[in-house]
Amino acid sequence: MSGPAYRNGDGPQDQGDGLPRVPNQRDQSGTPRGLPAPVDPPAPPPSPHPGLPPYDHGTLKSLLGAWALAVCSRDESLAVEDHLTDCAACADEALRLRDAVRLLHHEDSLDLDPLLRARVLEGCLGRRPARIPVPEWAGPYDAEAARLDALLRDLGDNYWQEPVELRWYDGAPVTRKVTVGQVIAHLATVDGLLAAALDLPGTDRPAGLDLPLDPAGRTDALWTAQRTAAEKGAELRDTWRGQSHALLRTVSFAGGGAAAIGVDYGSFTLPLKDAFVDRAFECWIHAGDIAEAVAYPYDPPAPRNLNRMIDLAARMLPTALAVRRRDGLADSAARLADAGTPGRSLLLDIEGAGGGRWCLPLDSPGAVASQDHTVAQVALDGVEFCQLAAGHLEPERIAVGQSGDRAVIRDVLYAAASLSRL
């Protein structure tokens, strides 16, 4: 009987002694006879960071997501980055994860830069001047009214009843809760004082309503009359904005002669060029009040416009200080100084964009300020100085650099706060 057939090399092997042997017989070491001994895998190259704990491939691959999000520890990050130099598959995966992480980041705000309009107009006018330009002293009002109008349009009609806190300083901080609509009505009715000085028809009040000249009394009378009116927010904005456009057109056509026209505020009078800067200041401050109420970012004016506002407040300080002395509210004693003669002075250094230096007379608004007669010096940030003049910062709480007569400095800071009003 014939035995089983084996393929070549599969059956028992004849070693020459006639005795078959079992295939794949192992020796005492456990290695099959006739096969090469196993070779140990090559040792990994030494890490450039010998102090790091060892990580296997699986662990490092699982850390790629955390590494792409930058939330790995320092040791893990170093280990992953070393591994990426040797493993092409993990390097490709790391790149894909990093691209995905970029998609998770918040996009930059799509809101336009509030100063973009001013820069575009400046560039256009530099190439082709306007046939009838807006006077330079009316520029701040033009810019700030446009910025406020853009804010109102961005907020939409749902915000007109949003509560806003108006603040000013009257010997102590004063606050009043109003709505966004009431703030715009207030701006429109005080702008009406400029319209009256220019003999423009009054669009700032309901027909037949007689308003006083005092801004606070004028505003209270208008708010009382509007409680029974059903005027919508968009109509309020159009009324205010239409009047501001009319003011700018009128002074543009009037030329330089309009700058000296007096604007009666009831208890004081300002030249029209200063009244326009005052209205620009109010637009900025109250736009900031509205923006704060609705958590909307709002930047200070452009440096050139901010400088005009600071200059107006600085020039009004000597008169405000004289009023406080007349009312017995000043700590520093006044000295007699004839109009036109040098007297004691204070150096006001305003830092930051729009800043500068002002030398102010202390003893009489009509005296001549002189650095040779300086008795005190004050340094303030430009925006904080404006916030002080608006009554939004208290004199005791403002950061100020000072040297010289402390009583004089205190009086000047309180005089700046007294410039504020509703």
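1. Strand β9 (residues 374-381) is joined to β10 by four bridges, and the two run antiparallel; strands are taken to pair if DSSP finds at least two bridges between them, and helices (H or I, at least four residues) and strands (E, at least two) are DSSP runs numbered from the N terminus. Across this pairing, Gln-377 stands opposite Ser-403 in β10.

2. This is a predicted model, in which local features need pLDDT of at least 70 and side-chain atom pairs count only at pLDDT 80 or more, while totals for chains, interfaces and linings use all residues. Residues are numbered from 1 along each chain as its sequence is written, and side-chain values use heavy atoms, with hydrogens and water left out.

3. The order β8-β7-β9-β10 describes an open sheet of four strands with mixed pairing, whose edge strands, β8 (356-361) and β10 (401-404), each pair on one side only.

4. Helix α3 (residues 74-84) holds His-83, which is buried, with a relative accessible area of 13% (buried means under 20%, exposed over 50%, partly exposed in between, with a 1.4 Å probe and protein chains only). Leaving aside neighbours within four places in sequence, His-83 is in contact (heavy atoms within 4.5 Å) with His-57, Leu-60 and Cys-90.
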